[in-house]
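Here is a short report on one protein structure. Look over the sequence and the model first, then read on.

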Amino acid sequence: MALSPTEGTLPSFSSTLSPSDSTPVANGSASLQPGNNGHAHPPGATLQFDTAVFKHYLELLLTAVVGSLPEELESIWNDEEWEAKVERFAEDSSSGMGALYVVKMQKPAEDDALPPAYTYHLTSTLSYDPPPAATLALIKRQPTLDSSIPLAQQLHMLNLYSPAEGSAPYESLHSLVHLGVAPWFDAYVSRKGGGRELKGGGALTGTGKEDRQAGVPLTKRKFAELELSLLHLQQNVEIPEIHLAVNPYIQRAVDQAYARDEKPTIDDLPPDLLVDSTFLNRLQSDVNSWIKQIQTVTRLDREVSSGTASQEINFWLGLERELEHVDNQLNDDGVRMIMEVLRSAKRYRATVGFHADTGLNDHMARVRNYNNLMKDFPLNELLSATDLDKISDALYQIFSHLNKKLRLSSYPIRRALPLVEAISRDFTAALLNVLASHRLMYLPYDTFAHMMTQTGEVFKMWDEQVKEFTNVAREVTRRRNERFIPIKIQAEHLKLQERIGFLRGFRERHEQLRVMTAPGRRGPGGVEGVMDAEMEEEVRAAYDGVRNVDVLDVTPEGTEIWVQAETTYNERIARVENQIISRMRDRLGMARNASEMFRAFSKFNALFVRPKIRSAIQEYQTQLIESVKDDIQHLHAKMRGQYRKSEAFHMAQMRDLPEISSTIIWARQIERQLRMYMKRVEDVLGKEWHHYAEGQRLQQESESFRKKLDVRKVYEAWLHEVNRRDMSIRGKLFDIVRSRGTGLGGGQQYTLHVNYDSQTISLFKEVRNLLWLNVQIPHAINNVAKEAKRVYPHAISLMETVRTYGQTVELVEREENEPVGPLVAEYRIQAQDMIARGINYKWEYYVNTYDAAAFGTEGTESKHLAYIRNFATGVNLLQDKTNNAIELYRNINKEVEELSTCAYSTETFSVHLANIQAIIDKLNLEGYANLEHWVTQLDTRIEESLLRRLERIVETWCAEFDTSAAGKEDDARARDGKRRGDKRKDNDKDGHLRVKAIVHEIRIQNQVIFLDPPIEYARESWLRQLHEWLGVICGLRRIHTSSYEISLQTIGSQTADLTYTPLLLRLDTKTLERPFTLVEAKVQEIKDYVAKWLQFQSLWDVEPEAVFARLGDSLASWQQLLIEIKRTRATFDNSDTSHSFGICTIDYEQVQSRVNAKYDSWQKDILNRFGVKLGNAMKEMHASITKARHDLENHSIEGLMAGAGSRRF
């Protein structure tokens, strides 16, 4: 090993040589001159290395180091090439000449009585055949040597191993690394680290970036591994190496056959040899010697308990290599030819039983089977561990390998147990190696506590792994049907574990006392007025007495040393305790009641760990016992309240704790509280508190109460129930359950369930929690629980998936969601296909999947695991699609309902239909099935809604048209307005629709009366408004599914299907005829009224004489005409200027005055003529009456009387 001079080197003999001894005196040597700046020659000059300097140096070195004699060194100088070797070593700067070796060999002794003689020689390469007596390595510190500089400054000497008789090379190399190189490296690293404390097995605390980059921890690990490897080499059991000697005649024949490039046969031998009995006897003797040699290997064995685990591992691995070597020799042509010669000579005794006598094949098979366990055994991880975490990881790896491979190997359990014990010894050595690197008694308490916690975790890891190994060993023993042997491990580290536990308690108690005596501390126990500086100094001095003791030495001598140091420590601490007791009694004596006493106890609680202090307060036991009795009575009341009625039961259900486990936890909580009360009494009154009368009664009550808290009966009842039930996990994944139908149709219904018993889930949860509670579980139940735990994630996934599927199907089949069914039919069919696919799957696949995966095998189980994931994915997709579809369907329903009540306008209807179309497009983009058919049904619903709206709008139009027509008076319209408005508000939002009123004007132009605009305009206006009202709905664009489809149809061919115009064909005929009937009736009414005005046209068209001529002399006709004129005059002879028909108004203001004037003229003329006619008629009547009177007066009265008498009435 070459190290830089600036960083230091291992001590060498050359450094002890004085300058005068190392300075050459031969010719040609140069001395150092100041003018040359410390160089023997000017810079740039080339001088040949002086071998005399090297010779002088070597003579002094060998004499001091290996005890050579001058005459023995002559063997070096007599070598003609020694100067060439030295010059090449000194001047060759290549890496191959970095070292020169001096080898010491022992001469063969001619007489044993004479002392041994040795020879020496120089070499640049090493050879161990024959073994040398000693070897010195001269290593250059620089590429070339300079004879003008002392060689002690240029060469590093290394004695590879001691020449002492009987020393092994492995042992010497191990000592060199373990005691020389590794400690020097640690010292150098510690110096670079500034003396920082080492933690965690040698890692520098706060190591800087430089050390981390240099890989110091990795280098230390490599040193440890090198030491371990050398230790293994010297611990290995020497397995004899077998060489099967072949007869020279046979070997010669084989060599000749090889020379001819032929396969050797017995024909290659001389025929006379085949019948030569002497030759055959010699061959048979050779075979017998082979059998004995092979038997020395096949019968080789070792005692496992006598060595280390690495020796056992290396023994079997080396034995396998040697057996393979022997087997290869037996397959050699020479050995095969010997067997053929013996068989041809009928020497069957030597050939037939050869393999049986050697036992080679059986032993090879057994060794190979054992080596399934020994190969890749991770023991080196433990032996080379440099910190506690690595030890813990190494234990896990070792036992994982052991538990796994022990099932696959036939390695006997009776050997496996001592092997684990040997591992325990290695574990102890590794733990001591790590802990010894720390000065445990010098560590700060926080660091010490952390290290003890880590150590406890390591011991816990060992216990867990040994427990698992015990179960595996028992299982393997039963499976192999081997004779029962007790599975018990005698661990080597138990004494160390006990010592570490004691040390942890010792330092904990001391730390509590140290903290209490520290000045100014108010922490976990510092009490003002009790402690002083003298106590602190006394405690520190007491601890100094045990600090230098090797606490990890568990030998009897080491234990005795520790006991003596602990006794001295206790004597000094006793003086401190006496002072504390006197002051504590004063403080406790001031307590007036039990509560104050307990408060005082809590204040001084940290001091009660000291037995002497604890015994000093026993006089206060009466008050404490009464207080504890009250606390126990509260526990009794809690127990009588029963677990199922307590809050703990409901909390356990919330936290998914099974009933049996939660009951045990509840009982143990009460028991722990009881123990806490008892421990409080013990802490305060001392460990002998139960010797008092009151203490005995209290102990009896606590023991009887503790018996009532025993949950063994509950646990045994649970075990009986579990054993009674069949908890095995087998059968198909799904189960079809038939139940009585609850619908109107009755009948039977079938429900899909997961064939996984809920009791099985409860079982593995119970077992898990019971194991956490350290309750022993029978192996069979534990196995079932493990299987249930393996399958539990898959079962829960299936149960949740089936539950989700059932809820989704139930949600789809609800009456309000039934239309959504066709949309999600495709996803539902996919889920049903997954169910049909898994209906034949069995739980055994999932139970065996983990077992197969544990051995790295690959099978078809992966498809079953993928099935559960795919099934869950499919059902979740169905659920998401269903929920999305239902939500969108509800939005569509809202929009469709709005179509029936929204404002009657194109914009409003278009907005709602656009929203519906957007939802349909979203459904289309998300890939819902049967969308076209579903949209067709939705369009039918929309048509029905719009159709009802059309019917109402026609009725509204008719009511508006009819009401306006009927309301000729404004008052009547106002009276009915509120009632109609309220009715519209209750029905819909169509109240804003109004039929526009029309004004017609009766005009006269050129003595012609006419209506402007004509009455046909009114009909056209009313029908156009009706069409506009209907067009609001009929012109709406239909919903469709072709938004994302490329259509090849023309626009004209689609126009009829894009709107709701065909709804008019679905309206009732009477409904559609009614507005037209009302229009025609209104037109006819207006026509009749207008006709009256148009009659006045005759006032200008008819000549008076023609009228007079037509009337003639009939006064009745004249009188009738006058009456009609008077009645007709009311049409225009009034204060109004127009006449309203509701939605139509006739304005006659323009013609009213002119018709009135013309009418007056006509009336005047007719009255004048009628007056003339009446005067003439009166005159004629008067003349007629006068004449009649005259005639009457001329008749005689007698004649009248006579005439009257003859008449009869």
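The side chains of Arg1019 and Glu1080 meet in a salt bridge, 2.9 Å from N to O. A salt bridge here is a side-chain nitrogen of Lys or Arg within 4 Å of a carboxyl oxygen of Asp or Glu. Arg1019 lies in helix α38 and Glu1080 in helix α41, so the pair ties together parts that are 61 residues apart in sequence. Helices (H or I, at least four residues) and strands (E, at least two) are DSSP runs, numbered from the N terminus. Arg1019 is buried, at 18% relative accessible area. Glu1080 is partly exposed, at 39%. Buried means under 20% relative accessible area, exposed means over 50%, and partly exposed lies in between (1.4 Å probe, protein chains only).

The model is predicted: local features need pLDDT of at least 70, side-chain atom pairs count only at pLDDT 80 or more, and totals for chains, interfaces and linings use all residues. Residues are numbered from 1 along each chain as its sequence is written, and side-chain values use heavy atoms, with hydrogens and water left out.

Side chains of opposite charge can pair when their charged atoms come close. How many salt bridges does the rule give? The count comes to 25.

Glu943 and Arg1038 form one of them, at 2.5 Å from N to O. This pair links distant parts of the chain, 95 residues apart. Glu943 sits in helix α36 (residues 931-966), and Arg1038 in the loop between α38 (1015-1034) and α39 (1051-1058). Are Glu943 and Arg1038 buried or exposed? Both are buried. The two residues also belong to a network of salt bridges that links Asp939, Glu943, Glu944, Arg1038 and Arg1066.

Arg336 and Glu340 make another salt bridge, at 3.0 Å from N to O. They are four residues apart in helix α12 (residues 333-344), so about one helical turn separates them. Arg336 is partly exposed at 22% relative accessibility. Glu340 is partly exposed too, with a relative accessible area of 23%.

Strand β9 covers residues 998-1005. Its covered face holds Ile998, His1000, Ile1002 and Ile1004. The uncovered face holds Val999, Glu1001, Arg1003 and Gln1005. In a regular strand the side chains alternate between the two faces of the sheet.

β9 pairs with two strands, β12 and β10. Strands pair if DSSP finds at least two bridges between them. β9 runs parallel to β12 (residues 1144-1147), with four bridges joining them. His1000 has Ile1146 as its bridge partner in β12. β9 runs antiparallel to β10 (residues 1008-1012), over five bridges. Here Arg1003 has Phe1010 as its bridge partner.

## Backbone features

β9 and β10 form a hairpin with two residues between the strands. Asn1006 in this hairpin takes a positive phi near 55°. A cis peptide bond joins Asp1012 and Pro1013, with omega about -10°. Pro1013 lies in the loop between β10 and α38.

Asp261 is in the loop between α8 (248-259) and α9 (271-274). Asp261 is exposed, with a relative accessible area of 71%. Asn930 is in the loop between α35 (906-925) and α36. Asn930 is partly exposed, at 42%.

Which residues form a negative surface patch? They are Glu951, Glu955, Asp1068 and Glu1073. Patches are made of residues with over 30% relative accessible area and no salt bridge; like charges are joined within 9 Å, nonpolar side chains (Val, Leu, Ile, Met, Phe, Trp, Tyr) within 5 Å. Asp1068 is in the loop between α40 (1063-1066) and α41 (1069-1095). Asp1068 is partly exposed, at 42% relative accessibility.

Arg407 lies in helix α17 (residues 388-408). Arg407 is partly exposed, at 29% relative accessibility. Arg407 and Leu373 are 34 residues apart in sequence. In space they are 9.2 Å apart, C-alpha to C-alpha.

Methods:
Accessible areas come from the Shrake-Rupley method with a 1.4 Å probe; for residues, only the protein chains shown count as cover. Lys and Arg count as positive and Asp and Glu as negative; His and the chain ends are not counted. The place of a charge is taken as NZ of Lys, CZ of Arg, CG of Asp or CD of Glu.
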